[in-house]
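My notes follow in the order in which I checked things.

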Amino acid sequence: MTGTVLVTYGSTNGSTAQIAESIAEVLRKDGLTVEVVPARSVDSVAPYEAVVAGAGLYAGHWQKDARRFLRRHRRALAERPLWLFSSGPLDASASERDIPPVPGVKRAMVALDARDHVTLGGCLEEGAKGWVARMILRNGKGGDFRDFTAIETWAARVADEMKHM
């Protein structure tokens with residue numbers, strides 16, 4: 001692969017953006033050219049040879065900007081290699097076992113012929129936007145459950161696949 005890779009994300013409070021940046025850094029270290037762009041800001045995927053797209057999970061659904069990204073660019077995404085990631089569980093479950101994609105993401109994987117998906121631990125900390133987030137925090141269910149070693153391991157597998165395309 002010689003073209004540019006798009007890493008895009010839907011993030012409400014910034015933790016999924018940090019995951020996207022971490023993925024991009026691993027891809028760059030493997031010699032790939034990478035651009036990281038919020039899903040709501042992507043006008044076209046035409047300049048990219050491959051795409052990694054992810055989103056925070058909210059009530060069993062991908063963050064809205066990422067869902068809109070997949071819908072808006074579905075034809076072009078179906079024509080290039082695509083990997084998906086979800087960020088969500090506010091517990092250690094994503095580090096303990098493989099969590100399948102939520103139904104909407106599973107449908108997108110099939111429709112767009114995505115090569116892989118991973119569910120990663122989420123992060124919800126004080127100051128988060130939204131009343132649901134504030135309720136979760138008030139009930140003591142927040143915290144940072146992102147496992148950057150697992151994120152980097154998955155990104156390295158993606159980079160290896162990209163380099164052998």
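I began with the second largest pocket, where β4, α2 and α5 (103-112) each supply at least two residues of the lining; helices (H or I, at least four residues) and strands (E, at least two) are DSSP runs, numbered from the N terminus. I keep in mind that this is a predicted model, in which local features need pLDDT of at least 70 and side-chain atom pairs count only at pLDDT 80 or more, while totals for chains, interfaces and linings use all residues. Residues are numbered from 1 along each chain as its sequence is written, and side-chain values use heavy atoms, with hydrogens and water left out.

**Pockets.** For the search, a 1 Å grid is laid over the protein atoms alone, and a pocket is an open set of points where a 1.4 Å probe fits, with protein on both sides within 12 Å along at least five of seven lines; lining residues have an atom within 4 Å of a point. Grid points are joined across faces, edges and corners, and a volume is the space filled by probe spheres set on the points.

The second largest pocket has a volume of about 330 Å³, and α5 gives the most to its lining, with seven residues. I noted 15 lining residues, of which Arg67, Leu70, Arg71, Gly104 and Ala108 lie nearest the centre. By class, this lining holds eight nonpolar, three polar and four charged residues, where Ala, Val, Leu, Ile, Met, Phe, Trp, Tyr, Cys and Pro count as nonpolar, Asp, Glu, Lys and Arg as charged, and the others, Gly among them, as polar.

I then turned to the largest pocket, which holds about 530 Å³ of space. Its lining has 29 residues, and the closest to the centre are Leu57, Tyr58, Ala59, Leu124 and Ile136. Helix α6 gives the most to this lining, with four residues, and the elements that each supply at least two include α1 (15-29), β3 (48-58) and α6 (131-138). I counted the classes as 12 nonpolar, 14 polar and three charged residues.

**Salt bridges.** I found four salt bridges in the structure, each a side-chain nitrogen of Lys or Arg within 4 Å of a carboxyl oxygen of Asp or Glu.

Glutamate 25 and arginine 28 meet in one of them, at 3.9 Å from N to O, and both lie in helix α1, three residues apart, about one turn of the helix. Glutamate 25 is partly exposed because its relative accessible area is 37%, and buried would mean under 20%, exposed over 50%, with partly exposed in between (1.4 Å probe, protein chains only).

Aspartate 30 and lysine 163 form another, at 2.8 Å from N to O. This pair links distant parts of the chain, with aspartate 30 in the loop between α1 and β2 (33-38) and lysine 163 in helix α7 (residues 148-163), 133 residues apart. Aspartate 30 is partly exposed at 29% relative accessible area, and lysine 163 is partly exposed at 41%.

In the bridge between aspartate 144 and arginine 146, the closest N and O atoms are 2.7 Å apart. Aspartate 144 is partly exposed at 36%, whereas arginine 146 is buried at 13%.

**Lysine 141.** Where does lysine 141 sit? I located lysine 141 in the loop between α6 and β8 (143-144), and lysine 141 counts as exposed because its relative accessible area is 53%.
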